[in-house]
Structure formats: structure tokens, C-alpha cells
Amino acid sequence: MFMAKITGSVVSTKKEDSLTGKKLMIVQPVDANGEDVRSEEVACDSVGAGIGEYVLVARGNAARSVFAEPNSAIDSAIIAIVDSFDK
Amino acid sequence: MFMAKITGSVVSTKKEDSLTGKKLMIVQPVDANGEDVRSEEVACDSVGAGIGEYVLVARGNAARSVFAEPNSAIDSAIIAIVDSFDK
Amino acid sequence: MFMAKITGSVVSTKKEDSLTGKKLMIVQPVDANGEDVRSEEVACDSVGAGIGEYVLVARGNAARSVFAEPNSAIDSAIIAIVDSFDK
Amino acid sequence: MFMAKITGSVVSTKKEDSLTGKKLMIVQPVDANGEDVRSEEVACDSVGAGIGEYVLVARGNAARSVFAEPNSAIDSAIIAIVDSFDK
Amino acid sequence: MFMAKITGSVVSTKKEDSLTGKKLMIVQPVDANGEDVRSEEVACDSVGAGIGEYVLVARGNAARSVFAEPNSAIDSAIIAIVDSFDK
């Protein structure tokens, strides 16, 4: 899992069926101080997260398995909204 | 998933059977401003994307599962054509 | 597997069901000399590790499979507390 | 998938059974201009590729599945010989 | 697969059951000239490799599958001892 901040969303009409109805969010990977650590990615939202919120993102089979089928094309998912990073 | 721009294609005669009939596209990973973020990769097209278009690319089992069998050698797939990045 | 030091934890109320009851720890990847090697990540603790301890972290299906179900959203797990790095 | 140039091979007597009889090739990841993009890796050849040729390499389950069993230790496979990169 | 040099080992008493009895080796990823290419990782030894030897390391499901059960927490395995890199 990595920490990220939601910075936007992707609009796509022509896409794989299993992405239909999914919120495609642009996520900026950050560290626990909120600093950017590498380039943006895209993840499917599974917890109703909004722009500006800090979240946790999972990759691979874990990302796919949090969505009911059809879910085949999903390899990255927002799985938690962060209340706080405690250090 | 990562954002990318299609910059070309790969021609290959001698290849794994499951790649036969698949469009092998050269994809340049970008951020939501269209800036290059790392080196080019290759992905199989599943949505009829063309050179110059911005797309989303999935990796791993997700990439394979968007193609009917035979699909064994596929570990990267273009799964959406981007209409817009909204930030 | 990578070596890491636990530097904090994540508090999250709104999250995927399979994360309920899991300790979400902030892990700082290090080398065998304890030097930071890249940005922090988050992993689910499976061995009762605490802040300041050196640990081993596994990713992907291996991470998920060390937890009983429900475990679907887990892609990173703390799987060992390090007694010593012997070089 | 990533683009690579074959730069050598690995000789290994003591190895996991499923690597027996497999050609272990050293692959230098490149971009579509043939420029090196990161450090060398090793991949099992599935298409009869030779030193100096440009190829496509797949990773993970895709790499394993292009070989008949036993194939368990394979996580990287050469899956195509490139005729041309068209940009 | 990546090339690496074994530079040490990890001692851990409190660990996931499937790591019991496994040799946890510190591996330094290298290129075919033996130059370091990124930070150290840890891999389970499956071929009796020793400190100072050059080896091949596999990741993910491939790494797990070279060990008999229990093997759940393994995501990285030493799968070959290198006799020579031929370039």
C-alpha cells in the first residue's frame, strides 16, 4: 500500500467494460508528511474518496478483489481514506 | 493504472503465440499534465487506441484478463482512451 | 522482501472491510545499515511489530496470504521482526 | 512488457529444477530509440532470440505461463523478437 | 529475475510461520559487471547459496512456488547460483 493525495479524476468514454461505473481518480503518491514522492497514477475508488483527501492505494490482485465483478481491468484501487498519519 | 501517450508501435514476426493478432503499442508514461515521467514501455491495445492518444495502462493479471484466450504472454494492456484529465 | 523501519501508523475510519482490525503501519524502506533507500509505504502488521523496530515486508499475493480472510485489500504485510542484519 | 536488447547469457549449474534446459539471457532494458533506460535483468528465452537482438520481455505470471511445466521459478520471459519500432 | 550478490543474512525470531527454517539472505542487486544497481533486498535461499556468491533472484508467485508449503509469506527467492555472466 502507498499513501497518496487525490488530485483529480479521469474522464473516459471508450474503455474496458469492467471500468464502466468506476470512479477513475488521479492519485499523487506522498510520504507521511504529505510530500510528493513520485509521479501521479490512476486508481479506482472503492471508499467514496474525494479530491484533496489523503488515501491508501493498493495494487495488483488486491486492487481487483475489492470490487465485485466485472473487475478484470482494475490493477489499482483506493482502499482507505486517511484520518491521520501518526508519527 | 498509469497514464500514457501512445508514441508508436512494435512490429514482430517471431513472437509468443498469444501475441498473434494483438496490436503492440509503444506507450510513454506521463502525468496528468502530459509530461513524461519515465521510459517507454509496450502494451497490448484492447480499446482501439491510436498514435498520439492519451490512454490508461494496466499491468499484471489485470492486463491479461481483458483479452480472450490465448492471452498468456500479456502483462500490460491499454484499457481506456482518455477524454480528459480533470484537476 | 525488503527491510524497513516502522516509523508510525495510519488511522483510517472509512476503509475497505478487509482492513478492519488490521494495524496499518508506516514503514521506511532501509538497507542493512539502516539507511533510508526510498519513500515510506504502508503495510499491515502480522507479527506484532512496534514503532522503531526493524522488520521485513512482503508484497503482493504473499502479503495477502499471511492473513486469514477477509484479506482482499492487503498487498503489503510486515512478516518478520529483525533481530539482526549479519554482514 | 518492456523493450530490451540481449547483451549476454548466464551460466548456472546449481539452480532450481524448473530452470533446467532454459536459456537465461541478460537483457538490457531500452527505449524505442535503443537507449539504455535502467540496469540489466535476466529473462528466460521462449522465442529463440540471440545476442544483439531487440526483444520484448514480460514479467510475473505472464512470463511463467509461456513455458510448459516445470516453470515455477520463471518470473521474466523473452516473448517476442522485434522487427522494428515504428514511431 | 535479477542478478545479485549475497552480502549477508537476517536473523529473526519473531516471524510468519512460513519463514521458519528458511535462510533469509541479504542480496545486493548488481549488473553483469558486478556493479551495484539499487538498494539491498532480502530473499529466501532455495539452492544453498553462500555469502559472496552471485545469484539469480525471482519475485512474486514464482518465488513462493519454488518452496514446498508452508510458503505463504515468501515473495522473493534465490533460484540459481551463477557460474558466469557471458557477454
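Biologist: In which sense do strand S1 of chain D and S6(E) pair?

Modeller: This is a predicted model: local features need pLDDT of at least 70, side-chain atom pairs count only at pLDDT 80 or more, and totals for chains, interfaces and linings use all residues. Residues are numbered from 1 along each chain as its sequence is written, with chains lettered from A and ligands numbered from 1 in the order in which they are written. Strands are DSSP runs of E of at least two residues, helices are runs of H or I of at least four, and both are numbered from the N terminus. Two strands pair if DSSP finds at least two bridges between them; S1 (residues 2-11) of chain D and S6(E) have three bridges, and the sense is antiparallel.

Biologist: Which residue in S6(E) is the bridge partner of D:Val11?

Modeller: S6 of chain E covers 84-86. The bridge partner of D:Val11 there is E:Ser84.

Biologist: How many residues does the contact take from chain E and from chain D?

Modeller: Residues are in contact if their C-beta atoms, placed from the backbone, lie within 7 Å. On chain E, the elements that each supply at least two residues include S1 (2-11), S4 (54-59) and H1 (61-65). The count is 25 residues from chain E and 25 residues from chain D.

Biologist: By what turn can chain E be laid on chain D?

Modeller: Superposition is by least squares on the C-alpha atoms of residues with pLDDT of at least 70 in both copies. The RMSD is 0.0 Å and the shift along the axis is 0.0 Å, with a turn of 72°. That is the relation of a five-fold axis.

Biologist: Which element gives the most to the side of chain A that touches chain B?

Modeller: This contact takes 25 residues from chain A and 25 residues from chain B. S1, S3 (41-45) and H1 of chain A each supply at least two residues. With five residues, the top contributor is S1(A).

Biologist: How far apart are the nearest C-alpha atoms of chain A and chain E?

Modeller: Chain A and chain E do not touch. Their nearest C-alpha atoms are apart by 11 Å.

Terms used:
Two residues are in contact if their C-beta atoms, placed from the backbone, lie within 7 Å.
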